[in-house]
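Subject: Structure for you to look at

Hello,

Here is the structure I said I would pass on.

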Amino acid sequence: MFQNNKDTISAIATPPGIGGVGIVRVSGPLAETILKKLFRPKRPIKEFKSHHFYYGEIIHPETKQMVDEVLIVLMRAPHSYTGEDVLEIHAHGGPLILKKILELTLKAGARLAEPGEFTKRAFLNGRLDLTQAEAVLDIISARTEKELQIATRQLQGYLGEKIKKIRDCLKEFKAHLEVAIDFPEEDVEIVPSEVWLPRIENEVLKPIEHLLKCYSESRILREGAILAIVGKPNVGKSSLLNCLLKEERAIVTPIPGTTRDVIEEILNIKGIAVKIADTAGLRKTVDVVETIGVKRAKEKIIESDIVLWVIDRSCPLEEEDREIYEEIKGKKIILVLNKSDLPPKIDEEKIKKEFNLPVISISALYGKGIEKLEEAIYHQLIGDTAAVPEFVPTLRHKQALERALKAGKRVKDAIIKGLPPVFVSVDVQETLDALGEIIGETTPEDILDIIFSQFCIGK
Ligand SMILES: Nc1nc2c(ncn2[C@@H]2O[C@H](COP(=O)(O)OP(=O)(O)OP(=O)(O)O)[C@@H](O)[C@H]2O)c(=O)[nH]1
Ligand SMILES: [Mg+2]
């Protein structure tokens, strides 16, 4: 998809629409030539200094007519975002004027940039590793403060550094293995297992496992969570959904078995995107439609990160309620005692002890206790530490880490079994390659294309 890197690319870097300032960005060897063709400075300039702003006009190179008053800055290679000569033209922020300036840069020798091409060049020129390039995308598309925090941390390069450190250890090991392969007749043991076994364990396997743990801890902050509202028919599940959403989304009636299908909506709970699923009341039934609804509810439970188990507090606890617990145990659960506006038939302390779960009393009808419930959801989802973990791998990173861990464990086994260096070396290389994919050293071209094409043009 991407064309060669030697040419010069240009694009409007600011969002479409009207703004105070709009920027056209040019990157590549022709940046300065284009600048000289199109820019008429207010005061004569002998040579453009790098990273200095100049005030003047963009002119049509043939008619010499002024197109716009601008500020320009030239950032010479390698000290620029892409690592190439970069020219930025800060013009007035109107779509037509920016398009005109863009067209002039194209006429002067640039080519229109593809989505993400500036960032891809930064990556190819070694300005960013792949995890940092991905972070640029995450920063642009962050929906919540937390997502932004995660992305900025990744842009700082911690994850890439960690991966590089693990790979350095493996590279060193591989070098020793290669000596052993080349000089098999040597008496001295070139790769002593008492040295390498602990090093592989401590410098490769443990750090990979730690990163995988960080993935599961940060996944919810990054990707959001799925929450299922479950319980017997008529306990007020749909009322609770409506209450959380502050709108009449689901049908509520006094007839048990009202909700037949799963109803899903997304809610922002204290910065976490939570997909809430209202489900059909769980009970044994001969009704065909309801049976399907109950089946879907059970599937949703399996899929969910957290379950709100709703019980009608104005009725005594029944066997049917206990049966539901059997369906959900093992999940993160909050026991929600609904209809707290009616005289209670269930003792909060007693039920808390019986199930050993966090219990929140609410009235979905009157919107009481909802804030407390939201706090409990947040707390259950991300625990006490609202802090972002040190490293925040993505799903793509996680999959590569899992492959690296598998191959790394084979390396360990091979050392324990005393297999010949040739065999060990194959698994070491596989571990190296899997880790290399994360930072972009061994990432296949098509995956790079997928990553960078998610950007907008001009980034
Ligand atoms: N008094 C009182 N009534 C409530 C409360 N929450 C719900 N109800 C009533 O309980 C009945 C059932 O509410 P729903 O929200 O439809 O219950 P559900 O659990 O979704 O029921 P199904 O979809 O049939 O499984 C309705 O008549 C609601 O008005 C509450 O907090 N207090
Ligand atoms: Mg319902």
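How much space lies in the second largest pocket? About 400 Å³. Of the 15 residues that line this pocket, Leu137, Asp138, Arg222, Thr394 and Gln454 are the closest to its centre. Helix 4 (130-141), helix 5, helix 7 (193-223) and helix 13 (395-417) give two or more residues each to the lining, and helix 4 has the largest share, with 4 residues. By class, the lining holds 6 nonpolar, 3 polar and 6 charged residues.

Conventions: this is a predicted model, in which local features need pLDDT of at least 70 and side-chain atom pairs count only at pLDDT 80 or more, while totals for chains, interfaces and linings use all residues. Residues are numbered from 1 along each chain as its sequence is written, chains are lettered from A and ligands numbered from 1 in the order in which they are written, and side-chain values use heavy atoms, with hydrogens and water left out.

Terms: on a 1 Å grid over the protein atoms alone, a pocket is an open set of points with protein on both sides within 12 Å along at least five of seven lines, a cavity is a set where a 1.4 Å probe fits but cannot get out, and lining residues have an atom within 4 Å of a point. Helices are DSSP runs (H or I, at least four residues), numbered from the N terminus.

The largest pocket

The volume here is about 480 Å³. The lining has 29 residues, and Gly236, Lys237, Ser239, Val252 and Thr253 lie nearest the centre. Helix 8 supplies the largest share, 5 residues. Ligand 1 sits in this pocket (more than half of its atoms lie within 2 Å of the grid points).

Ligand 1

There are 23 residues around ligand 1 (a heavy atom within 4 Å), and Lys237, Ser239, Gly257, Thr258 and Asp341 come nearest. Helix 8 (residues 237-245) gives the most to this shell, with 3 residues. Taken alone, ligand 1 exposes 650 Å², and the protein buries 91% of that (Shrake-Rupley method, 1.4 Å probe).

The cavity

The structure holds 1 cavity of 30 Å³ or more. Its lining consists of Arg153, Gln154, Tyr158, Leu159, Glu390, Phe391 and Val392.

Regards

Notes: Points joined across faces, edges and corners; volume = space filled by probe spheres on them. Nonpolar A, V, L, I, M, F, W, Y, C, P; charged D, E, K, R; others polar.
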